[in-house]
Amino acid sequence: MRAAAERAASIVTHRILLPVFLFATTLSQSDPDLLLDYCIADTSSAASLHFNGLPCIDPASARAEHFATTALSRSTTNPSSATPFGFTATVTSPATSLPGANAQGLAMARVDLAPGGVAPPHTHPRASEVAVVLDGSVLVGFADTSYRLYTQLLRAGEAFVFAKGMVHFMHNADVAAPAVVLSGFDSQSPGAQLVPLSAFRTEPPVPEEVLKKAFKIHGQDVHRIQRNLGG
């Protein structure tokens, strides 16, 4: 009887723990693995079909230009006037600029920083990031969940890794010249949440009382910050 009870308990345990293990393993992966050599995005279907990624064209129709892009060759907007912070970010997308990256678990971004400009504290909830300075000098940093800050002043050719989901920033340390950063992500859709906008520019707005208590400020400070951020 005892042996039978132990076997029954073991079966129940395995039936409970195995799905939990498989679920946890799935969550630990960045983007799903491919079962093909590549999955070039079928952009003609993007508007009507919704996948975790984009549907694929017939692999026999693949061309070299599907795997190349000029989207990062230059900034299309003046970073001094594009945002209140003095930066612009151009991110590759399988739907618009790099169809060959679909389902590959990667994306790239060009970040242009005006003199003295800053990409303010923000997160990429679905990706780690490696940033390489192409031009200028850039102060970068991120804070971990223990609120320890890691910072480094980078110059052209130097790189820095931002851990996945951590709040981080980039600041052009030169007030006279622009800077350019090239970033790589381990997700084709890294996502981005700017902390100032998440706090002060949501729709509908975060309740004023919450902002006052969270940032230890007064109501007039909340309104001033919202105005300064274009709200």
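User: Where is A103 found in this model?

Analyst: A103 sits in the loop between β1 and β2. Keep in mind that this is a predicted model.

User: Why does A103 count as partly exposed?

Analyst: Set its value against the cut-offs. Buried means under 20% relative accessible area and exposed means over 50%, with partly exposed in between. A103 comes in at 24% relative accessibility, so it counts as partly exposed.

User: Which loop holds Y147, and what is its phi?

Analyst: Y147 is in the loop between β5 (137-143) and β6. Its phi is positive too, about 65°, although Y147 is not a glycine.

User: What makes the peptide bond from E203 to P204 cis?

Analyst: Look at omega, which is near 0° for that bond. Most peptide bonds are trans. P204 itself is placed in the loop between α3 and α4.

User: Why is the aromatic pair of F200 and F215 called tilted?

Analyst: There are two checks here. Ring centres must lie within 6.5 Å to pair, and these two are 5.3 Å apart, centre to centre. Then comes the angle: under 30 degrees is stacked, over 60 is edge-to-face and the rest is tilted. The planes of F200 and F215 are 40° apart, so the pair is tilted.

User: What does that pair tie together?

Analyst: F200 lies in helix α3 (residues 195-200) and F215 in helix α4 (residues 208-215), so the pair ties together parts that are 15 residues apart in sequence. F200 is buried, at 9% relative accessibility, while F215 is partly exposed at 42%.

User: How many aromatic pairs are there, and which residues do ring pairs link into a cluster?

Analyst: The count comes to 5 aromatic pairs. The cluster linked by ring pairs is made up of F142, Y150, F160 and F162.

User: What about β3 and β10: how many bridges do they have?

Analyst: Strand β3 (residues 118-123) and β10 pair over 2 bridges, again in the antiparallel sense. At least two are needed, so that count is enough. H122 has L194 in β10 as its bridge partner.

User: Which residues are closest to the centre of the second largest pocket?

Analyst: F87, A89, V111, H122 and H124, out of 16 lining residues. The pocket holds about 200 Å³ of space. Its lining divides into 11 nonpolar, 4 polar and 1 charged, and the largest share, 3 residues, comes from β1.

Technical notes: Residues numbered from 1 in each chain as written. Predicted model: local features only at pLDDT ≥ 70, side-chain atom pairs only at ≥ 80, totals over all residues. Heavy atoms only, no water. Phe/Tyr/Trp six-rings, centres within 6.5 Å; stacked < 30°, edge-to-face > 60°. Helix = DSSP H or I, 4+ residues; strand = E, 2+ residues; numbered from the N terminus. Buried < 20%, exposed > 50% of the residue type's maximum accessible area, 1.4 Å probe, protein only. 1 Å grid on protein atoms, 1.4 Å probe; cavity = no way out; pocket = protein on both sides within 12 Å on 5 of 7 lines; lining within 4 Å. Points joined across faces, edges and corners; volume = space filled by probe spheres on them. Nonpolar A, V, L, I, M, F, W, Y, C, P; charged D, E, K, R; others polar.
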